[in-house]
Amino acid sequence: MTQTLAGAAITDGDGVQTGGGVHRFPSDRPLRLESGASLAPLEVAYKTYGVLNADKSNAVLVCHALTGDQHAASIHPVTGKPGWWSRVIGPGLPLDPGRYFIICVNVIGGCMGSLGPSSINPETNKPYGLSFPVITIADMVRAQAMLIEALGVDTLFAVVGGSMGGMQVLQWAADYPEKLFSAVCIAAAPRHSAQNIAFHEVGRQAIMADPDWRGGAYEEQGVRPEKGLAVARMAAHITYLSEPALQRRFGRELQRDGLSWGFDADFQVESYLRHQGASFVDRFDANSYLYITRALDYFDLAGAHGGVLVEAFRRARNVRFCVLSFSSDWLYPTIESRDIVRALNAAGCRASFAEIETDKGHDAFFLDEPQLDLSLRGFFASAAQVRGLK
Amino acid sequence: MSTAREGSGREDFREILRLVRPGTRVLDVGCAEGELLELLAREKGVDGQGLEISPAGVSACLARGLAVVQGDADHDLDHFPTRAFDYAVLSDSLQQMRDPRHALAELLRIAERAVVSFPNFGHWRVRLALVTRGRMPETKALPQPWWSTPNIHLCTLRDFTALCEDLDLRIDACAALASGKPARAINPALPIENWRAETALFLLSRRGESKASGPAVAYDLLGEPETAPLKR
């Protein structure tokens, strides 16, 4: 794990310059956490697309969701699949690497190279496991800010993200407004609701109920709580879809002719969920799932500002905001985005807001949603014009 | 609101464009697809913000690069801070609001000045239709039948000036609009104008907050609008 900077760039098949790696901060620059603990030496894994321009005005930070990672627009090293936002980032797309220097950072607590519970604790030379400190969205953002600075980027043309990524966007606006020109928050909420926390608790309990979890020390014992993590994923995955979308795709269709009169996956929806669970465990760490869901549950932007959301955005008056929600998202419903927008308006921020009509549920921000593309394209194009980007 | 605005033609846009000072902040309530905001940005260097209820309108605004909030003027005006804008524009929509009085008061809380236009229910064609046919009028300015019109709070010129009086608002300018004809500056207090104006457009501000020496009512729309310098 040596210090890797954006200079180590390669050009991919589309002619896009990509870079990244793992940035290791010196031990005297720890990440100070909201809990009071600190992490050192801090390691942050990231990926870049495009080139930072001469006046360093074209950097865009893309924040990933709960189970995402830094491979936003390139082939995933574990799954071999295209990046999770390759519909939005790429030549001719709303975030064109020919125009912007796009940075995506694996959140701390994650399992794709940034410091997390599966990293080796330098004090014990064993994986952290549950000795990893509890982290928050603000901690994730602070680590990103440290990396951005290390990459020589003073201000971001835009910070953009969906779901947990959108919460990081809001946290950026609250903590580092002076570093932002624009901010795009998609399908997010200013706080985790009781229902959000409840679903996460189901997932965590599933993991911890797996005998292979071993109090979080599974790695050193050579096992993995795959069943528990898969169940956690299955439960969560339902919340990312909508009832109409599930009905349209699966209905009551059977896997085979006739019922099994047993507990095999008779229904296609069961088979689909099992597949989602099983493929998830190949690329995700169970303890990371615990830590990141916890960070989400602890997220309450208003709570951190005297209970008044407007106060979180008081310093962000110069930031251009775009807030987008999806009509069928019941995980972070439109009303949450509306609360954000009302607070932004009340704080005197320049904000756009649209609820995109779709039946695809929360996950619509990954999917083919022309209205989303149009909105992002229009927003970035006009912001770039104001910013003087070519 | 977008359909109503299409029906009103572009005379109100031209008039609004003339009234709004360059480089100001404008909130367009019911901005439809953002034509007016785009025009104001291009011709007057205005920093615009739209409020629009229809998803199609909001998408069109975003694609144009305009700042727009999807929302309902009946509920969402309350969330804008006081004096956030120099102008609030409510074009051909006042009669569609659930609470026009509250909306008008809100416009002039949010902005220094409000530009408000509405179809005049006192127009002679409206009166004639009601008197001769005994039916709810269907005119160029009010094309839909009573059972499908979005216009739930129609008023006459006289009703509107009375409401302004009641809310202690100052009428800085007033014009009569008719499709295909240039705007005509009018004195809204004259009874004849309540017969003649098909659509009326007002520039309003709060009383007692503008220059004391300024005229109570400035009807001269042919010159530059007589408005006090904006405090920004």
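Is A:Trp261 buried or exposed, and how many other C-beta atoms lie within 10 Å? The legends below describe close-up views of a predicted model, and the first of them takes up this residue.

**View 1. A:Trp261 in a loop of chain A.** A:Trp261 has 7 other C-beta atoms within 10 Å and is therefore exposed, since the cut-off for an exposed residue is 12 or fewer. The loop that holds A:Trp261 runs between helix H5 (243-249) and helix H6 (268-283) of chain A. Phi of A:Trp261 is positive, near 55 degrees, although the residue is not glycine.

**View 2. A:Arg214 in the loop between helix H3 (194-209) and helix H4 (226-240) of chain A.** A:Arg214 is another residue other than glycine with a positive phi, here near 55 degrees. With 16 other C-beta atoms within 10 Å, A:Arg214 is partly exposed.

**View 3. A cis peptide bond in chain A, from A:Ala40 to A:Pro41.** The omega angle of this bond is near -10 degrees. A:Pro41 sits in the loop that lies between strand S4 (38-39) and strand S5 (43-49) of chain A.

**View 4. Strand S10 (residues 156-162) of chain A and the strands paired with S10(A).** Seven of the seven residues of S10(A) are buried, so the strand is largely enclosed by the rest of the structure. Strand S6 (residues 59-63) of chain A runs parallel to S10(A) and is joined to it by four bridges. In one of these pairings, A:Leu61 has A:Val159 of S10(A) as its bridge partner. Strand S11 (residues 180-186) of chain A also pairs with S10(A) in the parallel sense, over six bridges. There, A:Gly161 has A:Cys185 of S11(A) as its bridge partner. Between S10(A) and S11(A) the chain passes through helix H2 (residues 164-175) of chain A, and this β-α-β crossover is right-handed.

**View 5. The buried side of helix H2 (residues 11-19) of chain B.** The buried residues of this helix are B:Glu11, B:Asp12, B:Glu15, B:Ile16 and B:Leu19. Around the helix axis they cover an arc of only 130 degrees, which means that they lie on the same side of H2(B). An α-helix has 3.6 residues a turn, so residues three or four places apart point the same way. The elements that cover the buried residues of H2(B) include helix H3 (35-44) of chain B. Strands of chain B also take part in this cover, among them S4 (85-91), S5 (111-119), S6 (169-177) and S8 (199-206).

Terms used:
Residues are numbered from 1 along each chain as its sequence is written. Chains are lettered from A and ligands numbered from 1 in the order in which they are written. This is a predicted model: local features need pLDDT of at least 70, side-chain atom pairs count only at pLDDT 80 or more; totals for chains, interfaces and linings use all residues. Helices (H or I, at least four residues) and strands (E, at least two) are DSSP runs, numbered from the N terminus. A residue is buried if 20 or more other C-beta atoms lie within 10 Å of its own, exposed if 12 or fewer, and partly exposed in between; C-beta atoms are placed from the backbone. The arc is that of the directions from the helix axis to the C-beta atoms. Two residues are in contact if their C-beta atoms, placed from the backbone, lie within 7 Å. Two strands pair if DSSP finds at least two bridges between them. A crossover is right-handed if, with the strands pointing away from the viewer, the path from the first strand over the helix to the second runs clockwise.
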